[in-house]
Every structure is written in structure tokens, then in C-alpha cells.
Amino acid sequence: MKNNVTTKLRIGISTTVLDRASENTPLDGIGIYTQSLFREFQDCDFYIQGYVFPPVKNLSLYSSFPSSFRSFALKRILPFSKSLKLPIDIFHVTDYMSIPMTCPVITTLYDAIPFIDPGMANSRFRSLKNFILKRSAECADHVIAISNYSVKELVEYYGVSESKISVVYCGVEEDWIINQPTKERIEEVLKSYSLQRGYFLNVGTLQPRKNVDRLLKAHSLLPYKIRREHPLVVVGKYGWNCDLLVAQLKEKIASGEAYWFPNLSSREELKCLYSGSKAFIFPSLYEGFGLPVLEAFAVGVPVLTSNTTSLPEVSKGIALEIDPLNINEMAEAIKCMLDLPDREERISAGKRRAKELSWRHCGEETLKVYRKVLSGS
């Protein structure tokens, strides 16, 4: 990716989520988004610097803000608070932790879930979190939405003018598209997790909006032979309000019809688990984008997903779509995934869709937003 405007452009990006990341804990969606953009920009011919709120773990990689986010937030209440001046031309907030700056600020707002349906989001400190989210939007000179579906909700719930919003889709690593795992490597990874090819896969943090409880019920409606030969594999860390779900999942595991992996060793292993599945099942109730759908497309796996929120926009008819609230419909659709008449056509179309929406493409489109804001157009 090349910056054709100037080699002197100085970009700052919030990387607190990357600095806080543990080797044993996979990045969430915000972390993947931040890491992918940061990597893409490092390949460009301009200056890119990550900034982290203290305490800072790795000063060799990132620069530190002069004080904590909490300190900045408290100062903003005061009438004499000042905007922060950094040696950059534009700053991109990817983690909602936005503060006033003397340079233009771009903020990515992923969705409006906490405002739309509090039952889909962690209720702990919800009022305070919603206040921070709105203040983050207020600090932005321009907002990036990750789907067209989200735009109306950002206008309604964050109070952002639609004229200040640009849509830039998320992406998938080119490595997932170009370097497919070998059969030997897939078998090696599956064996390490006591799996055999042909399972149904679901990926995502265990939380109410991911709809895994209905997925478990739908899978249990399948004939016994199918349930045993094509178990449900769930990959996702323990989220919030999921104690009952985990108990149900463990019951299904005990019956030999499911597996649960809260943590994988690497993204490469996740790619192998996608590749070894019969189909990817993603009946989420709400997604600002739905990155796992794109990952499944990239490795050549047919997808069953919801017909709601942003998911049809991402899928563009390539995935089989269902009403995520209808368990019977979901069960019938899962059974259909075993013998799709147009399976190969869907797989080919999915790979093309993944190529359209790589992280490189996301980086290029994000740079266009920077240039637009800097030019005042």
C-alpha cells in the first residue's frame, strides 16, 4: 500500500488494546481491527505511531500518553481543559477511548448495541460506559462505521451527523486467502484437539447476542446420527452472562455432541479449525460487521448465518441465511449444509468476497478517509 499524497504524513493510532493483550488471550474484534490497521500502515511510506494510555507494557513499540484515560476524562469536565498536542497530523481512535486533540481525530464506532438493547451488552457500569461512548463520538472530527447498516444507528444513538460518517468495511488477513493450511497441518491441529473433519463450527465470545443457546437447541433437533458424526465445535472465550449457556454446553459435550475451546494457541490454529469444518454456523442476533463470516469465506467453508443486521450486507447472498430466532428453521438449515447442491459455487463466491474485503483494502479505504478530513472536503 502506498501513500500517493505525501511521505511526510504522520498518523497516530490508539494501541492500548494491543499493549494490554496477553499471549494467552486472543484479541477481540476491536483488537483484531486495531492490529490489522497498524500492520497495514507500517508497510506504508509515511510515519505511523501507536499511542497507549499508561501503564505501558511495551514502550519499545508504542508511545505513552502523558496520563491515564481516566485522568483525561475527569479533566474534560473542567472548563479550562486543553486539547492534547502530539507530533502527528491525524489521530485514529479504534477503542472508544477518545480525547480532545489539536489535530483531527477519526473515531471508529462499531455498533450501537449498548443503546439499542442493554440485554445484549454487559450491564456492569453501563450508564458510565454509554456516557464514555457518546463523549468519544463528540471528540471525533469524523467517524468511521464498519457497515452501512450501522450508519442510521450511529446517527440516532451517538448523535453523529451522517455527513461526518464514512463506511469502511473490516477485512481478513491476506495470509488467510493466500496461504491455505496444508492437509497435513489441518490434520495435525485437529488431532491435537481430538477432532475429526466434518464438524459444525461456531466462533465468537460467549455472550447473549451470539445466540449460541439457540444454536445448541437447533443442533439437538438433528437426527442422532448427524449429531454424533457432525458435532458442534464452539470456539470462544468465556464472556458475560453465560453461566447457564456454559452449563448447557458442558451437558452437550458430555453427550459427545459438542466441543468447546475457550482459547486457541494461535490464529493459525483457528484457520485450521475453520478448514476442517463441514460448515460455519453463525446465527448471531446482532453484528456491526461479522468478521468470522469473512474468515470462513477466506478459507473456503460454506456459511449459515442470520438474515438480520449487517450480516446480509457482508454475505451478499453467498451464505445461507435464516431467522436467528427460529430454532426449527435453524435446525433444518444446518441439516441442509451437509449436502448443499451449490456448495462449490458458494465456496468460490465466498473466496472472491474475502479478496474484495482484505485488511489491505480496509487500510487503503481508511487512508482515503484521512485524506478527506485533512483536505477539509
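In this predicted model, Thr108 is found in strand S5, which covers residues 105–109. Thr108 has a relative accessible area of 0% and is therefore buried, since that term applies to values under 20%. Its side chain makes a polar contact of 2.7 Å with the side chain of His92. Leaving aside residues up to four places away in sequence, Thr108 touches Tyr33, His92, Val93, Tyr96, Ile144 and Ile146.

Elsewhere in the chain, six strands form an open sheet, arranged in the order S10-S9-S8-S11-S12-S13 with parallel pairing. At its edges stand strand S10 (258–261) and strand S13 (320–322), each of which pairs on one side only. From one strand to the next, the twist averages 20°. Within this sheet, strand S8 (residues 200–203) and strand S11 (residues 279–282) run parallel and are joined by two bridges. Phe200 stands opposite Ala279 in S11. Helix H12, formed by residues 267–275, lies across S8, S9, S10 and S11, and runs at about 145° to S8.

Another helix, H13, spans residues 291–299 and is mostly covered, with nine of its nine residues buried. Among them are Leu291, Pro292, Phe297 and Val299, and also Glu295. Just after H13, Gly300 takes a positive phi of about 85°.

The confidence of the prediction also deserves attention. The protein averages a pLDDT of 91, and 92% of the residues score at least 70. Over residues 2–6, however, the pLDDT is below 50, and this stretch has nine contacts in the model beyond near neighbours in sequence. Where pLDDT is low, the predicted coordinates should not be read in detail.

Conventions:
Residues numbered from 1 in each chain as written. Predicted model: local features only at pLDDT ≥ 70, side-chain atom pairs only at ≥ 80, totals over all residues. Heavy atoms only, no water. Buried < 20%, exposed > 50% of the residue type's maximum accessible area, 1.4 Å probe, protein only. Helix = DSSP H or I, 4+ residues; strand = E, 2+ residues; numbered from the N terminus. Polar contact = N/O pair within 3.5 Å; in protein donor to acceptor, adjacent residues only side chain to side chain. Contact = heavy atoms within 4.5 Å. pLDDT = per-residue confidence, 0-100. Pairing = 2+ DSSP bridges. Axes fitted to C-alpha atoms, helices over the stretch in contact; angles between N-to-C directions.
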